[in-house]
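The sequence and structure are shown first.

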Amino acid sequence: MKGLFSAVLASAITGVFALPSPTENGPITARAAQAACATPVTIGSGNPFASRTIYANKFYSSEVVSAAAAMTDTALAAAAKKVADVGTFMWIDTRAKIDIVEDTIKDVPCDHIAALVIYDLPGRDCAAKASNGELAVGELDIYKSQYIDPIVTIFKKYPNVAIALVIEPDSLPNLVTNSNLQTCKDSASGYRDGVAYALKQLNLPNIAMYIDAGHGGWLGWNDNLKPGAKELATVYKTAGSPSSVHGFATNVAGWNSFDLSPGEFSKATDAQWNKAQNEKTYVTLFAPELKSAGMPSQAIVDTGRNAVTGLRKEWGDWCNVNGAGFGARPTSDTGSSLVDSFVWVKPGGESDGTSDSTATRYDSFCGKDDAFKPSPEAGAWNQAYFEMLVKNAKPAF
Ligand code: BGC
């Protein structure tokens, strides 16, 4: 563990300070200009993160810089500011957000990779309320023509930029375990058709895609591994087995440790039914199932907010967990050949859901004892929560 953390820290430092200092090599603007790729990028089948640092997008960086500027504790503010340098995924969670996609990818240097989340399916978040989206069940045509197609058009303008995508968090996992809910029954065909369409259209040489596969406490249960792998692989094959798909994403916006052993919930009475007690084990169990179901099986794991364990009452508690801290920095030095990279998918500081019980999107999970309160609507900035993540970060900033 200690070795892993020092490797992570070393790579984060390299990532931040790799470029020459302004005094050595002229102004910062000149450094950015020299860094873009001169020819189209072909990611191929290898690890897209092995020789590329995840780009710290302006959208999250500016949220962080403003948050740090609002802090009165100068030591904390100095630590907080460093979060702006951590490459974090940008969520395209509405059609309106498409407006900032171009700005997010246009300046990405050649040794970096842009990172975005595709997240706007009709009937979104069918098993919860906090992240219900703008498109209703049945609006698949809008998803295709007004969401996926315009994003593809922008990506095609930037063939010289490497791009990593997480595809539709929670959607297919919900179809595996929550198909008893009417909302998920209603969403099912739109999720499958929508994800297949996204995979097919986004299949470009400069793109690497990872389909969301929940986490160890979700599809990691013994009985969920095979059905989970089948669900993902079927959609992948429906899309024509696109070569840009590298595998799956785990722990997105989640809290599970990567390799804590014994795992956080290993003493629970039902632990015998789940061997995936940490994300490393989950990946080890899920990848072969995916492979035999006919889908590529490399993983990326969200370590953005998983520094502190022992906070949740139950494994399924997902909303603004109180006491959390920023986790291991993004790195391709993961210690597992199955895991391409640790990634920060959920931008820490953005809420998982509102704690206002009168709100339309109020979900009772955001009112639980282990959830941080008050919390704003999903995606909105929560300054106090961000400060807590900085204070509890491991490694520290
Ligand atoms: C929200 C999105 C937001 C994302 C990242 C999700 O829970 O529903 O609106 O963009 O989190 O913060």
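The sections below describe a predicted model, taking the helix and then the annotated residues.

## Helix α7

Helix α7 spans residues 140-157, 18 residues in total. From its first C-alpha to its last it reaches 25 Å, close to the 26 Å expected at 1.5 Å a residue. The helix bends by about 30 degrees at I148, and the proline P150 follows within four residues.

The buried residues in α7 are L140, Y143, Y147, I148, I151, V152, I154 and F155. The buried residues of α7 pack against strands β2, β3, β4 and β5 and against helices α6 and α9.

## Annotated active site

The UniProt record, an unreviewed entry, carries an "active site" annotation on D125, D170 and D352. These residues are spread over 228 residues of sequence, yet they cluster in space, with a largest C-alpha distance of 13.1 Å. D125 and D170 are included in the lining of the second largest cavity.

## D125

D125 sits in the loop between β3 and α7. Because its relative accessible area is 10%, under the 20% cut-off, D125 counts as buried. Beyond its neighbours within four places in sequence, D125 contacts A130, S131, N132, D170 and Y191. The D125 side chain reaches the backbone nitrogen of S131 at 2.9 Å.

## D352

D352 is found in the loop between β8 and α12. D352 is also buried, at 6% relative accessibility. Leaving aside neighbours within four places in sequence, its contacts include A130, S131, W255, R305 and K346. The side chains of D352 and R305 are joined by a polar contact of 3.0 Å.

Technical notes: Residues are numbered from 1 along each chain as its sequence is written. This is a predicted model: local features need pLDDT of at least 70, side-chain atom pairs count only at pLDDT 80 or more; totals for chains, interfaces and linings use all residues. Side-chain values use heavy atoms; hydrogens and water are left out. Helices (H or I, at least four residues) and strands (E, at least two) are DSSP runs, numbered from the N terminus. The expected span of a helix is 1.5 Å times one less than its number of residues. The bend at a residue is the angle between axes fitted to the seven residues ending there and the seven starting there. Buried means under 20% relative accessible area, exposed over 50%, partly exposed in between (1.4 Å probe, protein chains only). Contact means heavy atoms within 4.5 Å. UniProt positions are given in the numbering used here, feature names are shortened, and annotations may be inferred rather than shown by experiment. On a 1 Å grid over the protein atoms alone, a cavity is a set of points where a 1.4 Å probe fits but cannot get out, and a pocket is an open set with protein on both sides within 12 Å along at least five of seven lines; lining residues have an atom within 4 Å of a point. A polar contact is a pair of N or O atoms within 3.5 Å; within protein, one must be able to donate a hydrogen and the other to accept it, and residues adjacent in sequence count only if both atoms are side-chain atoms.
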